[in-house]
Amino acid sequence: MSSVNIPPVALTIAGSDPSGGAGIQADLKTFSALGAFGTSVLTALTAQNTLGVTGVHHVPEDFVRAQFTTLTSDVRIDAIKIGMLATAGLATAVGELLSGYQRQRAAAGLTPAYVVLDPVMVATSGDRLLDEDATAAIRGLLPLADVVTPNLPEAAVLLGSDEAGDVAGMRAQALALRDLGARAALVKGGHRLDAAATDVFADSGGVIDLAAQAVDTPHTHGTGCTLSSALAALRPQRDGWRAAVIDAKEWITQALIHAGELGIGHGHGPVHHFWQLWGGRG
């Protein structure tokens, strides 16, 4: 950045969660908590709370385009997090918008905006959220992504394979996702495979395992949204993706540890995005 007083600007392209724990609400909180100025383009409205989702209203593709082009005609964007793209048409539209924006930056002599793709494809229950056409369209976004951040079921869907059963399998799938076009992949194991809550990151330099304390909490709503937006917020402030991934992993672990302090809802509550700033107040 040209001045330490100018924050990086991060954009989330995702759906809305009125309960505030996931989607653009979680993304904007994460950007703020980690020193980035947050902007947003909405792809869907949802009716949901900590107990579940009762409805989804897709934003028309033309209006998604209008939001993006109006925003980027005025505001510089340093990093982009892509979240919920519920239809093939929306995924295709976002891919076209992103490609056009990166070309505009190149023509102006600017470096590309960093891109984090969070492929929201499989619910925590294991249910598929997208049909095959939408899945293929999201797979087509991989070459536009600096890093893709699937959980175990999502990595399997993207690769058309079985879900990884151990950390070695996660390493293989992270490399395979990189080979599909993403410059890097962060496959999130959480605490599903081992007590160390291991994630796996693969880039051009190889593979690293990222183990952290496994947090025993029911308050995990929005964890994936929050981690991917943390990467978008941190990458402009770090020397590379590995440093951003390591710091984001440490930060989300603390957000999970402090999640129980919030007391939000009667189901799976949100992580604590502002655990560093609220001084333990809950």
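Helices (H or I, at least four residues) and strands (E, at least two) are DSSP runs, numbered from the N terminus. With that in hand, a hairpin joins strand 8 to strand 9 through two residues. This is a predicted model, in which local features need pLDDT of at least 70 and side-chain atom pairs count only at pLDDT 80 or more, while totals for chains, interfaces and linings use all residues. Residues are numbered from 1 along each chain as its sequence is written, and side-chain values use heavy atoms, with hydrogens and water left out.

**Strands and hairpins**

- Strands count as paired if DSSP finds at least two bridges between them.
- Strand 8 (residues 199–203) pairs with strand 9 (residues 206–210) in the antiparallel sense, over five bridges.
- In this pair, Asp203 stands opposite Gly206 of strand 9.
- Strand 2 and strand 3 (residues 52–58) also run antiparallel, and six bridges join them.
- Here Asn49 stands opposite Gly52 in strand 3, and a hairpin of two residues links strand 2 to strand 3.

**The nonpolar cores**

- In general, nonpolar side chains tend to be buried together in soluble globular proteins.
- A nonpolar core is a set of buried Ala, Val, Leu, Ile, Met, Phe, Trp, Tyr and Cys residues joined through side-chain atoms within 4.5 Å.
- Buried means under 20% relative accessible area, exposed means over 50%, and partly exposed is in between (1.4 Å probe, protein chains only).
- The largest nonpolar core has 42 residues, and those touching the most other members are Leu11, Ile13, Ile80, Ile82, Leu85 and Val148.
- Helix 3 (residues 88–107) gives this core its largest share, six residues.
- Apart from this core lies another, of 30 residues, with Ala10, Leu227, Trp241 and Ala244 among them.
- Which residues does Ile80 contact, leaving aside its neighbours within four places in sequence? They are Leu11, Ile13, Leu98, Tyr101, Ala113, Tyr114, Val115 and Val116, where contact means heavy atoms within 4.5 Å.

- Helix 1 (residues 23–33) holds Asp27, which counts as buried because its relative accessibility is 0%.
- Not counting residues up to four places away in sequence, Asp27 touches Thr12, Ala14, Lys81, Cys225 and Ser229.
- The buried residues of helix 1 are Gly23, Ile24, Ala26, Asp27, Thr30, Phe31 and Ala33.
- These buried residues pack against strand 1 (9–16), strand 2 (37–49), strand 4 (79–82), helix 7 (223–234) and helix 8 (241–257).
- After helix 1 comes Gly35, with a positive phi near 85 degrees.

**How helices pack**

- Axes are lines fitted to C-alpha atoms, for helices over the stretch in contact, and angles run from 0 to 180 degrees between N-to-C directions.
- Angles under 35 degrees count as roughly parallel, over 145 as roughly antiparallel, 65 to 115 as roughly perpendicular and the rest as oblique.
- The axes of helix 3 and helix 4 (residues 132–139) come within 8 Å and cross at roughly 15 degrees, so helix 3 is roughly parallel to helix 4.
- Ala88, Ala91 and Thr92 of helix 3 meet Asp133, Ala134, Ala137 and Ile138 of helix 4.
- Helix 7 and helix 8 have their axes 9 Å apart and pack at an angle of about 140 degrees, which means helix 7 is oblique to helix 8.
- On the helix 7 side, the contact includes Thr223, Leu227 and Leu234, and on the helix 8 side it includes Trp241, Val245 and Leu256.

- Val245 belongs to helix 8 and counts as buried because its relative accessibility is 2%.
- The C-alpha atoms of Val245 and Phe201 are separated by 8.1 Å, although these residues are 44 residues apart along the chain.
- Beyond its neighbours within four places in sequence, Val245 is in contact with Leu186, Phe201, Leu210 and Leu231.
- Leu180 lies in the loop between helix 6 (167–179) and strand 7 (185–188).
- Is Leu180 buried or partly exposed? Leu180 is partly exposed, because its relative accessible area is 39%.
- Leu180 and Pro143 are 37 residues apart in sequence, and their C-alpha atoms are 7.4 Å apart in space.
- Not counting residues up to four places away in sequence, Leu180 touches Leu142, Pro143, Leu158 and Leu159.
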